[in-house]
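Q: Could you take me on a close look at the zinc site and the elements around it? I would like one connected walk through that part.

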Amino acid sequence: MNYKETLQAVDPIKAFKVLDIQSSQEGAYLYFPCITCGQQAVIKAYGDKKNVWYCPECKEKGHIVSLVMAFKNANDSEQWDYEKARRFLVDKALVYSTSRIKRELNITYEMEYDHFLETQGITRETCEKLEIGRPQGKTMLSGCIAFTVYHEEKKIAFFGIRIKDQKRIFHKSFNPELYLYNFDRIDPEKEVYFTEDIFECVRLIQNGIPAVCNFGLPYLSSSHLDMLQKCKYVSVACENGGMDEMKKQFFESFCNYVRFIKTNSTSPLI
Ligand SMILES: [Zn+2]
């Protein structure tokens, strides 16, 4: 993994946790005490300039690898060089697995239609067709709505949304940055809807509208952009007109036709 790939693959929240650095997150920004002056500094947690930090007080700046290096050299008796800091981050603080799943998933869940799906406007028939439901028995997705994820016609993972708090749950081998939900089933020559909300995505599919979803990530990975780039026309459903980071990414990196459609919880697309 080179320098650029490391910056993309490392999760600064995980890194700060392992280093025992206090931090608080606001959207794409993570605030933490500056290594040099102790005042509040900020690092980008995702999107453009991910893992680049800046201190408005002492004007010190850098990226997460040099930050780890400086931190360790101030707190550790050992000398930390760049490569040691980089390896530390790759070992302890990777966002997700960095490669696609090659083998078909051999786990099957007994899925039950749940009332929660009904409240989301998703029918029993849709759930059967798309293999969605609440897994029975004790599994890592107990208490979740499980979505079956296919990639290149292979079942590769289950993606879960926990019913009580809507937290995203999935196995560490599944990296949501590398896939788009339902991408296998769309026709790239026709208009495709993109949404970060998987329930919205399923509602669109249910209504015969080709749609894909990035599993709730607040940004687009380079794989997401590559995949969407294959679609001639992309319509982006933005809840409450939000998604500033993604809009920026579309404007900067997208070559095909794209339009943004505002939705909100009181007037969803469907
Ligand atoms: Zn500072």
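A: Happy to! Let us begin with a few terms: helices (H or I, at least four residues) and strands (E, at least two) are DSSP runs, numbered from the N terminus. Contact means heavy atoms within 4.5 Å. Axes are lines fitted to C-alpha atoms, for helices over the stretch in contact, and angles run from 0 to 180 degrees between N-to-C directions.

With that in hand, helix H2 (residues 12-19) lies across S1, strand S2 (29-33) and S3, and runs at about 20 degrees to S2. Please keep in mind that this is a predicted model, in which local features need pLDDT of at least 70 and side-chain atom pairs count only at pLDDT 80 or more, while totals for chains, interfaces and linings use all residues. Residues are numbered from 1 along each chain as its sequence is written, and side-chain values use heavy atoms, with hydrogens and water left out.

The sheet under discussion is open and has 5 strands in the order S1-S2-S3-S4-S5, with antiparallel pairing. Strand S1 (24-26) and strand S5 (61-63) stand at the edges with a single partner strand each, so one side of each is left without a neighbour in the sheet. On average, neighbouring strands of this sheet are turned by 25 degrees against each other, direction ignored. Two strands pair if DSSP finds at least two bridges between them. For strand S3 (residues 40-44) and strand S4 (residues 52-54), which run antiparallel, there are 2 bridges. Here Val42 stands opposite Tyr54 in S4.

Now for the metal. The zinc ion is coordinated through the SG atoms of Cys34, Cys37, Cys55 and Cys58, at 2.2 to 2.3 Å. Donors are N, O and S atoms within 2.8 Å of the metal (3.2 Å for Na, K and Ca); water is not among the atoms, so sites may look incomplete. Along the chain, the donors of the zinc ion follow the spacing C-x2-C-x17-C-x2-C. Cys34 in the loop between S2 and S3 and Cys58 in the loop between S4 and S5 are 24 residues apart, a pair that links distant parts of the chain. The angles among the 4 donor atoms are 106 to 114 degrees, and the site of the zinc ion is tetrahedral (four donors count as such if all angles lie between 85 and 135 degrees).

How covered are these two cysteines? Cys34 counts as buried because its relative accessibility is 4%, whereas Cys58, at 30% relative accessibility, counts as partly exposed. Buried means under 20% relative accessible area, exposed over 50%, and partly exposed in between (1.4 Å probe, protein chains only).

Back to H2, which also packs against other helices. H2 and helix H3 (residues 64-75) pack at an angle of about 5 degrees, with their axes 12 Å apart. That makes H2 roughly parallel to H3. In this packing, Pro12, Ala15, Phe16 and Leu19 in H2 meet Ile64, Leu67, Val68, Phe71 and Lys72 in H3. With helix H4 (residues 82-92), the axis of H2 comes within 10 Å and crosses at roughly 105 degrees. That makes H2 roughly perpendicular to H4. Lys14, Ala15, Val18 and Leu19 of H2 make the contact with Phe88, Leu89 and Lys92 of H4. For these labels, angles under 35 degrees count as roughly parallel, over 145 as roughly antiparallel, 65 to 115 as roughly perpendicular and the rest as oblique.

Conventions: Tetrahedral: all angles 85-135°; square planar, octahedral: opposite > 155°, others 65-115°.
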